[in-house]
Amino acid sequence: MMAFSGQFLLKFVFSIIFYIRVSAADLSYSIQEEMRPGSIVGNIAKDLGLEVIKISTRKARIDTEDSNQDYCDLDLKTGNFIIKKRIDREELCSEKASCVLKYELVLESPLELHRISLLIQDVNDNIPVFPKDTVKLEISESAVKGARYRLNEAHDADIGQNTVKQYSLQRNEHFVLSVTEDADGSKNIELVLDKELDREKNSDLNFALIAVDGGNPQRSGTTNIHVTVLDANDNAPVFDQAVYKASLSENSPLNTVAVTVRATDADEGVNGEVTYEFSRIPDRAKRMFSLNNKTGEIKVIGGLDYESYSKYEMRIDAEDGYGLSSDSKVIIEITDVNDNSPLIHVKSLMNPVTENIPLGTEVGIVNVQDRDSGVNGEVRCSIEKKVPFKLVPSIKNYYSLVTTGQLDRELVSNYNITITATDEGSPPLSSFKTVQLSVSDMNDNPPEFEEQSYSAYVSENNKPGSTLCVVSALDPDWRQNGTVIYSLLPGEINGVSVSSYLSVNGDTGAVHTLRSFDYEQYRSFKVHIMARDNGSPPLSSNVTASVFISDVNDNSPQILYPAPEGSSFMTELVPKAAHGGSLVSKVIAVDADSGQNAWLSYHIVKATDPGLFSIDLHSGEIRTQRDILESDSMKQNLIVAVKDNGQPSLSATCSMYLLISDNLAEVPELKDISYDEKNSKLTSYLIIALVSVSTFFLTFIIIILGVRFCRRRKPRLLFDGAVAIPGAYLPPNYADVDGTGTLRSAYNYDTYLTTGSRTSDFKFVSSYNDNTLPADQTLKKCSTDFSAIFGDADASPEVGTFQCFKLLLKQKC
Ligand SMILES: *[C@@H]1O[C@H](CO)[C@@H](O)[C@H](O)[C@H]1NC(C)=O
Ligand SMILES: *[C@@H]1O[C@H](CO)[C@@H](O)[C@H](O)[C@H]1NC(C)=O
Ligand SMILES: *[C@@H]1O[C@H](CO)[C@@H](O)[C@H](O)[C@H]1NC(C)=O
């Protein structure tokens with residue numbers, strides 16, 4: 001039991017603390033009515049403990065539920081709460097004991113609401129007023145002492161102390177004043193006959209009734225009482241109810257009878273004729289109701305509005321022909337009808353909203369009002385579901401519009417948010433308001449290339465400046481955040497900066513060549529192209545563009561063996577015993593192009609004896625077509641053309657000198673062989689060279705043979721002499737490895753003599769790729785040399801065919 005009450009007490013204390021905290025933020029001021037416009041009520045900034053600057057930065061403003069009440073305003077510069085126009089308490093609150101104007105101070109970021117109550121104090125600015133300037137009474141002389149005659153009260157529009165406090169009667173011989181108070185606070189003022197009247201002595205009496213209020217200074221009002229002394233006696237009218245109460249719904253049509261008052265007078269004739277009039281009626285009520293002075297019907301003559309005034313009180317006098325009267329009170333209450341739709345006010349809106357604002361950010365403040373009361377004024381507020389926003393009830397009739405999802409300008413850049421407010425009346429009334437909200441851009445999308453990678457194909461020897469390809473990237477962001485600029489990322493191709501090969505148009509993404517490409521130097525390369533937007537900071541992405549260069553037949557075949565005319569002179573020995581089909585020599589040519597462009601074919605275009613030698617179309621091997629006859633000329637000369645298969649094809653020619661002889665000593669003047677030779681000097685050099693080579697060759701064979709006979713009895717001759725190829729004849733791709741102009745060995749030239757046979761064969765091994773080598777041949781492969789020279793990518797078979805050659809005369813001992 002103790003624990004329970006302790007807990008209860010704690011809760012109670014907490015609620016008090018909470019209450020104090022909330023109310024501490026509310027402000028109340030009290031001012032007198034009728035203050036000059038511009039008067040300062042108080043300093044809101046100071047009273048709320050806010051810096052004055054915050055008043056304007058937080059968009060402070062004064063709101064009132066009733067727009068007619070804009071009596072006050074906030075001075076944003078000073079934080080002062082000032083009077084804007086004259087406040088008349090009587091007009092504003094009439095008889096209400098406390099007249100309070102209610103305002104709300106709204107501050108944004110964060111939303112804060114402070115209530116401001118402004119109590120309007122009464123100033124004694126009204127005098128007591130009697131309904132009539134003169135009260136006419138007709139009193140019979142037979143009236144006895146103590147007879148009472150009702151008088152109407154005076155009314156003072158002020159309240160409290162300032163309202164009527166005292167009545168006094170001008171001194172006279174016959175009447176004294178009696179003032180009593182009713183249960184409802186109204187006063188009964190009666191003249192009491194103190195000394196009998198005598199019509200014969202004094203037929204008319206005049207004296208004043210004075211009402212004084214309690215204000216300081218005091219104010220007073222007067223009415224004249226005129227008494228006519230009569231012979232006869234009569235009765236005052238009597239109302240059948242002391243208070244008439246009626247209830248009317250607002251918006252009742254004109255001429256609706258609100259209530260009918262009735263008073264009866266016991267007298268007959270003119271004495272019994274009762275007329276009605278309002279004895280006291282506020283102006284407001286006077287505009288709404290009329291009183292039929294004969295029938296006592298009170299009718300509606302104005303538009304009743306519960307929201308502006310809900311209760312009318314008036315006093316009605318019933319008077320007979322002699323001025324004898326009584327009064328009654330009429331109270332008409334107006335009932336509420338759901339006749340006001342809710343009003344939606346957007347108090348603040350963050351517009352535009354940036355797209356990356358965090359979830360739950362407050363972007364707007366909405367206030368709804370319904371002037372109806374009770375359930376008719378209870379409002380539910382909502383927005384449609386499909387937008388990423390919701391309304392969160394905040395203070396009182398305020399709602400915060402907060403985001404519930406990530407905004408993405410690239411998906412939705414504009415929202416039309418329809419706020420619906422519905423009251424609880426029956427039937428309910430609704431209203432709508434559409435708020436337009438635009439989403440502003442953040443640079444949150446990098447440019448994106450339309451393709452994963454780009455490939456461009458170009459034939460070699462292209463014109464510099466031609467367009468290779470066009471890259472394109474899209475950035476959905478707005479304006480400069482979505483403006484794409486292309487550029488080349490730095491890089492190198494064969495040690496040279498890419499920027500000397502290509503350029504990219506920053507605006508269009510067109511990739512241009514800056515130089516002419518050579519397929520024989522590089523067949524493809526890659527560059528990286530960046531697309532960057534113009535945001536700050538910029539976002540970028542990059543893409544790889546591969547450039548493939550295709551071959552053009554721009555290299556004619558290069559004949560490596562025999563060496564071209566003029567630079568050296570070589571001749572082949574053909575044994576006289578050679579049979580038809582014997583291999584005599586081989587033309588070796590290369591073509592720096594590739595594919596079809598390097599596919600070579602060999603043709604004999606001219607021969608001393610056209611029927612004697614033939615050349616293999618593809619291998620270039622020269623063979624005898626038939627057995628050599630004694631009658632055949634010793635000196636044979638062939639002109640061989642080598643063509644590639646390009647379009648158009650390129651060709652080269654060479655001369656091949658053949659000497660049919662078993663013995664170099666038989667060789668006649670070699671001069672005769674080169675029948676084309678015109679330069680005799682050169683010819684003699686050639687002869688000397690040939691003779692010395694042959695001599696050397698023979699000497700060598702003899703030595704070798706000698707050695708072989710000594711050792712094995714089965715000699716084998718190998719010729720190991722490098723064919724000298726002048727450097728100028730090397731195709732561009734060929735490295736001069738030894739620095740002597742000698743190519744690395746690839747072609748082995750074997751000569752072997754078989755015992756018992758006079759046939760010596762020159763055998764050319766065309767390539768290591770074709771497996772034509774006899775199994776017992778021990779030839780040194782040079783594939784490792786290939787890769788060292790040409791790089792692994794280029795180690796293709798067709799390249800290999802002409803890479804290495806060297807005449808070797810090797811002896812296997
Ligand atoms: C929003 O409303 C405006 C004008 O009423 C209209 O032009 C616009 O297309 C609407 N936008 C959307 C997203 O519905
Ligand atoms: C671009 O994005 C930045 C933020 O990333 C933003 O501040 C700016 O306003 C945007 N520009 C435009 C034109 O929307
Ligand atoms: C290019 O893009 C890749 C990923 O797409 C990124 O890792 C790299 O850093 C980028 N390079 C440059 C130079 O921006």
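A salt bridge is taken here as a side-chain nitrogen of Lys or Arg within 4 Å of a carboxyl oxygen of Asp or Glu. This is a predicted model, in which local features need pLDDT of at least 70 and side-chain atom pairs count only at pLDDT 80 or more, while totals for chains, interfaces and linings use all residues. Residues are numbered from 1 along each chain as its sequence is written, chains are lettered from A and ligands numbered from 1 in the order in which they are written, and side-chain values use heavy atoms, with hydrogens and water left out.

By the salt-bridge rule, the count comes to 25. One of these pairs is formed by the side chains of lysine 311 and glutamate 313, with 3.9 Å from N to O. Both partners are partly exposed, a class that lies between buried (under 20% relative accessible area) and exposed (over 50%), computed with a 1.4 Å probe and protein chains only: lysine 311 has a relative accessible area of 39%, and glutamate 313 one of 31%.

Strand β22, which spans residues 311-319, is mostly covered, seven of its nine residues being buried; strands here are DSSP runs (E, at least two residues), numbered from the N terminus. Two strands are said to pair if DSSP finds at least two bridges between them. On this basis β22 pairs with strand β19 (residues 275-280) in the antiparallel sense over five bridges, and tyrosine 276 stands opposite alanine 318 in β22. Strand β23 (residues 325-335) also runs antiparallel to β22, to which nine bridges join it, and here aspartate 317 stands opposite aspartate 327 in β23. Five residues lie between the strands in the hairpin of β22 and β23, where glycine 323 takes a positive phi near 90 degrees.

Lysine 132 lies in the loop between β7 (112-121) and β8 (134-140), whereas glutamate 319 belongs to β22, and the two are 187 residues apart. Lysine 132 is partly exposed, with a relative accessible area of 32%.

A further salt bridge joins glutamate 424 to arginine 380, their closest N and O atoms being 2.9 Å apart. Because glutamate 424 lies in the loop between β30 (414-423) and β31 (430-440) and arginine 380 in strand β27 (residues 379-383), this pair ties together parts that are 44 residues apart in sequence. Glutamate 424 is partly exposed, at 36% relative accessibility. Elsewhere, salt bridges with shared partners join Arg150, Arg315, Asp317 and Asp327 into one network.

The two ligands remain to be described. Around ligand 1 are Asn414, Asn416 and Gln436, where a residue counts as near if one of its heavy atoms lies within 4 Å. A polar side-chain atom of asparagine 416 lies 2.3 Å from an oxygen atom of ligand 1, and the protein covers 29% of the 360 Å² of accessible area that ligand 1 has on its own.

Ligand 2 is surrounded by Asp441, Met442, Asn443, Trp478, Arg479, Gln480 and Asn481. One of its oxygen atoms is 3.0 Å from a polar backbone atom of asparagine 443, and a polar side-chain atom of asparagine 481 lies 2.3 Å from an oxygen atom of ligand 2. Of the 360 Å² of accessible area that ligand 2 has on its own, the protein covers 63%.

Terms used:
A polar contact is a pair of N or O atoms within 3.5 Å; within protein, one must be able to donate a hydrogen and the other to accept it, and residues adjacent in sequence count only if both atoms are side-chain atoms. Accessible areas come from the Shrake-Rupley method with a 1.4 Å probe; for residues, only the protein chains shown count as cover. Helices (H or I, at least four residues) and strands (E, at least two) are DSSP runs, numbered from the N terminus.
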